[in-house]
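Open your viewer and get ready to select residues. This tour goes stop by stop.

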Amino acid sequence: SMKRLLPVILAFFVLSATVNAAHIKGGFFTYRYLGPGTGTNLRYQITLTVYMLCNPSPGQLNNPINFSIFNAGNNQFIQDVSVPITSQYQLSKTYDEPCITGDERGCYYEIVIYNLSSIELPSTPDGYIVSYQRCCRIAGINNLVSSGQVGNTFTIRIPGTAVFPGAERNSSPTFLINDTAVVCNDNFFQLSFQAIDPDGDSLSYSFCDAFLGADQGNPAPVSAAPPPYFPVPYQLPYSGTQPMGLGVTINPITGLISGTAPNTLGQYVICVCINEYRNGVLISSTRKELH
């Protein structure tokens, strides 16, 4: 009967919507100062790199997306900028880990890059915050509560002239994308989150909170919500500063994560904050997140 069919169809729709949503495995923003624009404007290139499940479905791959730009002084929304996918490729593991049962080779991440090749922004004392929000993360992550319902905020700050004159001409650190990390549980491991700074600023690395953003009700909002942003729900005993427990630390100078992996098999969210210092002054902070 029609009555019996309806709940089944509804259940299927809810399930497929959820499946569509749960696919994010990390990401980060970077920006580069390109030089002066018209008048007192400044030109920047802004890039978002997103790590996804391999072979995402059309519903999981938004093209284009909006980068939302906010005033970093009062968090007020300024504008959305439409940005297309400029490249997309798979990150695979080519050799097997002897300490893990089964063959570890294969695709681990779909890397999707959204590149805004140039935008002009007025020079201001406060600078700007650029954000993108998308739900949801992959399900079953060990150090989060109900990770398949937990969204993401990717965000970065472009400093203004108030930091010091010239700080507005900053370029953020950039990362090498080589992150197919398969770590043997209860074993010693090392994983590099090292970045390169185009301005030669000194970089300091620390574990920090991954941010919430968007939700299952609105998995792909047109505009990101304004800052401040809030931490994801960590599953105790894990936290943003101890994403893999007491046994795993990050070297503040080199960005090398090392230690003994947790003995619980599964996936873990790691978020690293990188502070940029010039002549001892904090210019800005970049975040890179990876499952």
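What follows is a walk through the inside of a predicted model.

**Stop 1**

In soluble globular proteins, nonpolar side chains tend to be buried together. Select F29, Y44, I46, L48, F67 and Y114. These residues have the most contacts inside the largest nonpolar core, which has 27 residues. Now colour the strands β1 (24–36), β2 (41–52), β3 (65–71), β4 (77–83), β6 (106–122), β7 (128–134) and β8. Each of them supplies at least two residues of this core. Which strand gives the largest share of this core? Look at β2: six residues come from there.

**Stop 2: zoom in on I46**

Centre the view on I46. Leave aside its neighbours within four places in sequence. I46 is then in contact with F29, T30, Y31, F67 and Y114, and also with N115, L116, I119, V130 and I158.

**Stop 3: the second core**

Next, select L91, I270, I274 and L290. They are included in a second, separate core of 25 residues.

**Stop 4: the cavity**

Rolling a probe the size of a water molecule over the atoms shows where empty space is left. How many cavities of 30 Å³ or more does the structure hold? There is one. About 50 Å³ of space lies in the largest cavity. Select its lining: G27, T153, F154, T155, A210, F211, C271, R287, K288 and E289. Colour these residues by type. Four are nonpolar, three are polar and three are charged. Finally, highlight β8 (152–158) and β16 (281–290). Each supplies at least two residues of this lining.

Definitions and conventions:
Residues numbered from 1 in each chain as written. Predicted model: local features only at pLDDT ≥ 70, side-chain atom pairs only at ≥ 80, totals over all residues. Heavy atoms only, no water. 1 Å grid on protein atoms, 1.4 Å probe; cavity = no way out; pocket = protein on both sides within 12 Å on 5 of 7 lines; lining within 4 Å. Points joined across faces, edges and corners; volume = space filled by probe spheres on them. Helix = DSSP H or I, 4+ residues; strand = E, 2+ residues; numbered from the N terminus. Nonpolar A, V, L, I, M, F, W, Y, C, P; charged D, E, K, R; others polar. Core = buried A, V, L, I, M, F, W, Y, C linked by side-chain atoms within 4.5 Å. Buried < 20%, exposed > 50% of the residue type's maximum accessible area, 1.4 Å probe, protein only. Contact = heavy atoms within 4.5 Å.
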